[in-house]
There are 2 protein chains.
Amino acid sequence: MVGVSNGLTQARRGPRPGGVDTRAALLDAAREVFAERGYQGATMRAIAARADVDAAMVNHWFGSKEGLFAEAVMDIPFDLDGLVRRLLDGDVGRLGERIVRTFLTNCDTAGGGVFAALLRSGADPGPGGHHLHDFVITSILAPVLRAVGVDQPDFRAMLVTTQVVGIGVVRYVARFDQFAAADVDRIVTAVAPAIQRYITGDIA
Amino acid sequence: MVGVSNGLTQARRGPRPGGVDTRAALLDAAREVFAERGYQGATMRAIAARADVDAAMVNHWFGSKEGLFAEAVMDIPFDLDGLVRRLLDGDVGRLGERIVRTFLTNCDTAGGGVFAALLRSGADPGPGGHHLHDFVITSILAPVLRAVGVDQPDFRAMLVTTQVVGIGVVRYVARFDQFAAADVDRIVTAVAPAIQRYITGDIA
DNA sequence: CCGGCAATTCATCACTCGTTGAAATCGTCC
DNA sequence: GGACGATTTCAACGAGTGATGAATTGCCGG
């Protein structure tokens, strides 16, 4: 292919008119492609093509493919403290419900692709190998479970993780029809009691 | 690298003495590497190296990388009917326990790598994209749930899948330490009631 | 109006991938 | 024991990868 947006004539070099934000376009495209194809499967050329830009821009703006991945997927500007606080704010007996609902609504709106990218690439060798653990458990669930003050907080956090990650895989990665299309409330109703039991129930 | 087993001298061509089964060695190596690296990440050269054999043997015995994957991972000689029958044999009230235990013991012994390979490669673009669904749901859980005779069998099967797949991801793919090392009985005790509720409990 | 800086594209490099065909070697049957 | 077929390794190809450096262009301060 000769150009990027046009296959016949060569695209003009130099800055683009209209002050378009190439960096941001690359970040968006990267999240999409990483979510669809995983870290290895996402080629820089495919990402650049989706951003309608030359592949060399990845190196120009992020230094390397790994740098782009770090900024697009792992460097989530997330208010972790606020999230933990919101989860803990309310009846402990309904914490399970808040966790599922928060997870689903967050992923359904903005971060759906981010979770898929994180998980898909967590299964890849490459950067971000253990960031799923750091993110889900170390940063969120373990603090929450500790604050609740139950026994075996780490094992309980792990149990909650299995259920939440399982939902994420089925809904956002594998995209099993019936579950990917299911209503958030329906899933919350069905799953929340199971998670609640992992948090405050008898598991030993 | 010059040879395969020896970096200095060239390995002798022609059949190997002692009637070693190259095909089987390749299948075993393929299951391992596919499980570790996913479909794209597993290179034919890496698989062949683990089987201590030249990469061209993959094409000789299986035609292509995809053929090897199909036979090594997807073509599991599994007694599905027998599995379904064993699950249904016994108290319905303890079906959840049987499902988790069967899943864990099967994966811990032989098929651990197979599940990881199936899931990792299910997240890859490549062959075997929807075989996770066909295997877990269509072939196993949906028939079981239908035989039990509850309402919403498909949705219940989906819920069970989320929990089982989540355990599989955390234990065999992401390998979170605490859960990968956990005792089977401990996990069964903690998780079985949740799955049992998905099967026979109130979820709507 | 012009000089420099930043942004963008192009051409290309070295490397790895899956695949292929030929050469070499072993086992077996007559 | 000699020929033939099956098995194995080797060398190479074409495509695609991430990365790099030069060439080109627009924008902004003087």
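Author: Buried area is the accessible area, taken with a 1.4 Å probe, that two parts lose on being put together, summed over both parts. The size of an interface is often given in this way, as the accessible area lost when the parts come together. This is a predicted model, in which local features need pLDDT of at least 70 and side-chain atom pairs count only at pLDDT 80 or more, while totals for chains, interfaces and linings use all residues; side-chain values use heavy atoms, with hydrogens and water left out. Residues are numbered from 1 along each chain as its sequence is written, and chains are lettered from A and ligands numbered from 1 in the order in which they are written.

Let me begin with the two protein chains. Between chain B and chain A an area of about 3400 Å² is buried, and carbon and sulfur atoms give 66% of that area. Counting contact as heavy atoms within 4.5 Å, 38 residues of chain B touch 39 residues of chain A. There are 0 salt bridges between the two chains, a salt bridge being a side-chain nitrogen of Lys or Arg within 4 Å of a carboxyl oxygen of Asp or Glu. Polar contacts are present, with 10 residue pairs counted between chain B and chain A, both residues at pLDDT 80 or more (a pair of N or O atoms within 3.5 Å, where within protein one must be able to donate a hydrogen and the other to accept it, and residues adjacent in sequence count only if both atoms are side-chain atoms). On the side of chain B that touches chain A, at least two residues each come from α1 (22-41), α6 (95-122), α7 (131-148), α8 (153-173), α9 (177-180) and α10 (184-200) of chain B; helices here are DSSP runs of H or I with at least four residues, strands are runs of E with at least two, and both are numbered from the N terminus. The largest share of that side, 13 residues, is supplied by α8(B). Sorted by class, the side of chain B that touches chain A holds 22 nonpolar, 10 polar and 6 charged residues, where Ala, Val, Leu, Ile, Met, Phe, Trp, Tyr, Cys and Pro count as nonpolar, Asp, Glu, Lys and Arg as charged, and the others, Gly among them, as polar.

From there I turn to the DNA. DNA strand C is surrounded by 30 residues, the closest being A:Arg16, A:Thr22, A:Asp54, B:Arg45 and B:Lys65, and a residue is near a strand if one of its heavy atoms lies within 4 Å of it. Of the atoms of DNA strand C that come within 4 Å of the protein, 71% are accounted for by sugar and phosphate. From chain B, an N or O atom in the side chain of B:Arg45 sits 2.7 Å from a base nitrogen of DNA strand C. Two or more residues of the surface near DNA strand C come from α3 (56-62) of chain A, and from α2 (44-50) and α3 (56-62) of chain B, with α3(A) giving the most, 4 residues. By class, this surface divides into 12 nonpolar, 9 polar and 9 charged residues.

B:Lys65 belongs to helix α4 (residues 65-74) of chain B, and it counts as buried because its relative accessibility is 18% (buried means under 20% relative accessible area, exposed over 50%, and partly exposed in between, with a 1.4 Å probe and protein chains only). Leaving aside residues up to four places away in sequence, B:Lys65 touches B:Phe34, B:Tyr39, B:Gln40, B:Ala42, B:Met44 and B:Val58.

Sugar or phosphate makes up 68% of the atoms of DNA strand D within 4 Å of the protein, and bases make up the rest. An N or O atom in the side chain of A:Arg45 is 2.9 Å from a base nitrogen of DNA strand D, whereas a polar side-chain atom of A:Asn59 is 3.4 Å from a phosphate oxygen, and an N or O atom in the side chain of B:Thr22 is 2.6 Å from a phosphate oxygen of DNA strand D. The elements with two or more residues in the surface near DNA strand D are α2 (44-50) and α3 of chain A, together with α3 of chain B; α3(B) gives the most, with 4 residues.
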